Amino acid sequence: MKADIRLLIPILLAVTTHGQTQGDSIARIENNLMPPVVLDGASSAHWTLADRMLHYHTPGVSVAVLHDGKIAWAKGYGSLEFGGATLVNRDTLFQAASISKPVAAMAALRMIERGVFTLDEDVNSRLKSWKVPENGFTKIERVTVRRLLSHTAGLTVHGFRGYAEGESVPTLVQILDGVKPANSQPVRVDITPGNTWRYSGGGFTVLQQLMIDRTGIAFPSLMRKMVLGPIGMDRSTYEQPLPEALRANAARGHRPDGKVIRGLWHTYPEMAAAGLWTTPSDLAKFALELREEALGHPGKVLSPEMAKAMLAIQKQNWGLGIEIDGQGASRRFSHGGGNEGYRCFFVLYEESGDGAAIMTNGDFGDQLFLEVLRSIATEYGWPDFRQEHKTAVSVPPQVLKNFEGIFDLQGDQFRFAVEEGALWLFLSWRPKVRMFAETETRYFALEDNVPAISFVRNEAGAVEEIELMGRRAHKLK
């Protein structure tokens, strides 16, 4: 990174805020970023937001904080592009990536309330331009809107990389069939619908086609009519590519090394899955509207009954298009997103009305937004997302050797190796991570985005599986 950019970032922190003046809280948040875990007896690192933006090669961040069911404040940091003079403000657009899904889900549920289609009927009975290809799995169970929204439809294609400048952009049907110029695989049912939770951007692309087929309205216009307009998400659009009139205040996407994406960003015709351009303040409006409706207050989009259905767990910790976690005061709904060059996240506690929306324009922005979230949680006394203190126990290297190997979880591989008497985790998408022992078989890291991992022994005492986030990965032979 050039020296002049390092000098520029701290200056850019003094930008627009709105809402209630909370200067002291904002300043503490900006200067109290920290790692997720600190070992008992050790002192924790504390960083400034400016330092961590440079560390993660992320030039721009935008934040909206919710408190007591209202937007308490919103603020932008940094610039649209490294070395650029245009500052991020509360109106700067970012790609919402997969946060497009819960907003699209709300529109689909509104259409259900209007009788356009139903939650549990076979989507093929309503699709016109394209049908889910039939096979042995669909003869057992059908693909329904409920299953599309809850990621239980048995459909393939986790996510999409979009289309760079100069690349041909496919039609929606070409994407669904994996036909060139589509750069993703065909969207197909390959496990029995309803049996298994598996995240599927492909499922939301089927939903997009269904919504278009049933209304004959272009998806961006449909979303404006169903959700964005009624809620007042005036800075948001599903238009792909982004219209010229909105480009001047749009954050450019950046690679892990801090270089801007060729063409500034990718185009995502998979709009329901990944195509929303928005701001943290608009995401906050969406989250607050859903909470108000679920609490039984008059809503602008959904009835209280449908809002409660959206926030009711279907399988694992997922509702209809949105993630649900916690119980009581900790119960919250959230969603994250990651497009090429962008990472973002929002969360809202149902009981307190506290939450935050954070958007970044860097491929390492997920690391950054977790640190920002942790600082917000600490300042406002949230029950979750705060730094943990843990005790590590000593495990002899000869025991650690039993845990070496590669474990596969639906294509994601976790490799463990012992180096200099410690156990290390190697992942394809990040530098190696040291794992600390909580017990002889359970291990944790001091860094974000690394789940606690338990090694599972068979009856003979050999390690053949690991367990993480309630799922098991099998050791490769």
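Trainee: What should I know before I start?
Mentor: The model is predicted, so local features need pLDDT of at least 70 and side-chain atom pairs count only at pLDDT 80 or more, while totals for chains, interfaces and linings use all residues. Residues are numbered from 1 along each chain as its sequence is written, and side-chain values use heavy atoms, with hydrogens and water left out.

Trainee: OK, helix α9. What span should its residues have, and why?
Mentor: Helix α9 covers residues 219-231, and at 1.5 Å a residue its 13 residues should span 18 Å; the end C-alpha atoms are 17 Å apart, which agrees. The expected span is 1.5 Å times one less than the number of residues. Helices here are DSSP runs of H or I with at least four residues, and strands are runs of E with at least two, numbered from the N terminus.

Trainee: Where does α9 bend?
Mentor: At Lys-225, by about 45°. The bend is the angle between axes fitted to the seven residues ending there and the seven starting there.

Trainee: Which residues of α9 are buried?
Mentor: Among them are Phe-219, Leu-222, Met-223 and Ile-231. Buried means under 20% relative accessible area, with exposed over 50% and partly exposed in between, using a 1.4 Å probe and protein chains only.

Trainee: And what covers them?
Mentor: The cover includes α4, α8, α10 and α11. Contact means heavy atoms within 4.5 Å.

Trainee: At what angle do α8 and α9 pack?
Mentor: About 85°, with their axes 10 Å apart. That makes α8 roughly perpendicular to α9. Axes are lines fitted to C-alpha atoms, for helices over the stretch in contact, and angles run from 0 to 180 degrees between N-to-C directions. Under 35 degrees counts as roughly parallel, over 145 as roughly antiparallel, 65 to 115 as roughly perpendicular and the rest as oblique.

Trainee: Which residues meet there?
Mentor: Gln-208, Met-211, Ile-212 and Thr-215 in α8 meet Phe-219, Leu-222 and Met-223 in α9.

Trainee: What follows α9?
Mentor: Gly-232, with a positive phi near 90°. Helix α13 is followed by Gly-381, where phi is positive and near 70°.

Trainee: Is α13 mostly covered or mostly open?
Mentor: Mostly covered, with 13 of its 16 residues buried.

Trainee: Switching to strands. How many bridges join β18 to β19?
Mentor: Four, and the two strands run antiparallel. Strands pair if DSSP finds at least two bridges between them. Ile-466 stands opposite Ala-473 in β19.

Trainee: What's in the turn?
Mentor: β18 and β19 form a hairpin with two residues between them, and Met-469 in the turn has a positive phi of about 50°.
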